[in-house]
Amino acid sequence: MNAIYCRVSTDLQAEIGYSIGDQIRTCHEHAAKLGLETSSSSEYIDDGYSGEYLERPALDRLRDDLHNKKIKNVIVYDPDRLSRNLTNQLLLADEIEKLNTKLYFVTGSYDASPEGRLFFSIRGAISAFEKAKIRERTLRGKRAKARSGKMIQKSRAYGYDWDDENSTYIVHQAEAAVVQMIYDLYLSKKVTIKDIAIFLRQQNITNQRDKPFTLSMIYRILTDEKYAGTKWSFNKYEKKISQYKRKKISRPQEDWIPIPITPIVTIDQFQKVRQILTENKRKSPRNTKHEYLLRNFLKCSVCGYSLSAHSKKHSSGKEYTWYKCNSGGSDKSLVPCGNPAISSLEIDEVVWKHLCTIIKNNKEQLLLVPQNSTASNAGQIKSIKNHQSELQKKQTTILRWFSEGMLTSNDAEKELNHLKKELQTLSESLIKLSSNPKSTAKIHPEEFFAAKSFIERRAIIEKLGWKFYIDHRVAPIKIRFKV
Ligand SMILES: [Zn+2]
């Protein structure tokens, strides 16, 4: 039997000129030209499958039938139909040939000669190039959409509902009222963001996920220009910074495209808030001239808020430094949790001594910083292992091609080196992920006891990263810590 394989992906934009009907017709015609008999039972059709992966129902069926020696000739429109990826194209072509089946392309001749391979490589390169072109075209399309005042993709923002028909936001009245209230509070009452958070909590006002507003959410609402009627798009792009991590990077401002949306607050309000925020930032530079050993690492046992560091110069010239639970806010009308302010010198000393005792009694175990548990990494480990075996398969394929003279030693070496590097990175991350927590000691007890100066001790506190929960409503101070 002779087989015809056709594929079209769902990404229609990418597939212009490749309709399934056209492919089937031209394949039958090509078969007739070659004197090969075909019928509708020859057709293997993957309609709506990406060429990125090899798992496709019709392709699976075709490969099964190939292995069962049912097929003499395979006709495909062009190599892209087999796969978008050169390695997979070669892999499939190789598999087909090994089973003494002939592979024909409508768009060009192909054989296992070096020229045939070259043809394949060129096809693969062109297909990659076309993909890049499509990406560029799509990007241009997206920019045009943004310039016409439409949002590029569906999104959800507090204060708005999504209007699918016009690709834009429409005001969600109840949430918009909260946004307005946040701006009003910040502008009229001269309260802090923290105070607003506490106020919203007291009023039982929650966000769209029914959770209390965090300080950063309120900060975002106060600083996001969409609430004043301008949603910026193309202001950031995503960059792959490692195998698994992506980072948002700002674009130069001249590339930003403003999309007008219905404002919730006035431009005047928005600008006033921005002005106050920048002024506050300028007025309260991070206080680094004082030595707070535990800055950013103290928490209130009573309410769970962080303790922040403060200082004041007395008229006598003496400086006072202390930590204070943030629950009270700067507005005295809000109810603090009852944990009083505490001298930083006192608590720094107490906590350090406490740490010394813990370490003396428990020795190493406590200084080990446990990594994420292996169980929670299971998914990541599995995907790395899958990737690993894929690469290993590639390795053997390349070796086979090389041994069969289909690849020059230069090319094979280049490919193999590349694979080796990738495999190395993978096994390194695998070790990191599944490592025994005991191997991740960050601080040795000796290092700990040797630390005498503020700088040495602060470095250890930062390295440890523990949070110290303090309750000092009654003496003696109670300390818990969270690793
Ligand atoms: Zn508190």
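Where is the place of serine 9? Serine 9 sits in the loop between β1 (2-8) and α1 (20-33); helices (H or I, at least four residues) and strands (E, at least two) are DSSP runs, numbered from the N terminus.

Some housekeeping. This is a predicted model, where local features need pLDDT of at least 70 and side-chain atom pairs count only at pLDDT 80 or more, while totals for chains, interfaces and linings use all residues. Residues are numbered from 1 along each chain as its sequence is written, and side-chain values use heavy atoms, with hydrogens and water left out.

Serine 9 counts as buried because its relative accessibility is 7%. Buried means under 20% relative accessible area, exposed over 50%, and partly exposed in between (1.4 Å probe, protein chains only).

Lysine 69 has phi of about 60° and lies in the loop between α2 and β3 (73-76). At 58% relative accessibility, lysine 69 is exposed. Asparagine 296 has phi near 75° and is in the loop between α9 (267-283) and β11 (298-300). Its relative accessibility is 52%, so asparagine 296 is exposed as well.

Now salt bridges, meaning a side-chain nitrogen of Lys or Arg within 4 Å of a carboxyl oxygen of Asp or Glu. The structure holds 11 of them. One joins arginine 81 and aspartate 78 at 3.5 Å, N to O, and both of these residues are buried.

Another pairs glutamate 462 with arginine 458, with the closest N and O atoms 2.8 Å apart. Why are glutamate 462 and arginine 458 separated by about one helical turn? Because they are four residues apart in helix α14 (residues 454-464). Glutamate 462 is partly exposed at 45%, whereas arginine 458 is buried at 12%.

Aspartate 471 is buried, with 10% relative accessibility, and arginine 473 is partly exposed, with 46%.

Last, helix α7 (residues 193-202). Its buried residues include Ile193, Ile196, Ala197 and Leu200. Asparagine 204, which follows α7, has a positive phi near 60°.
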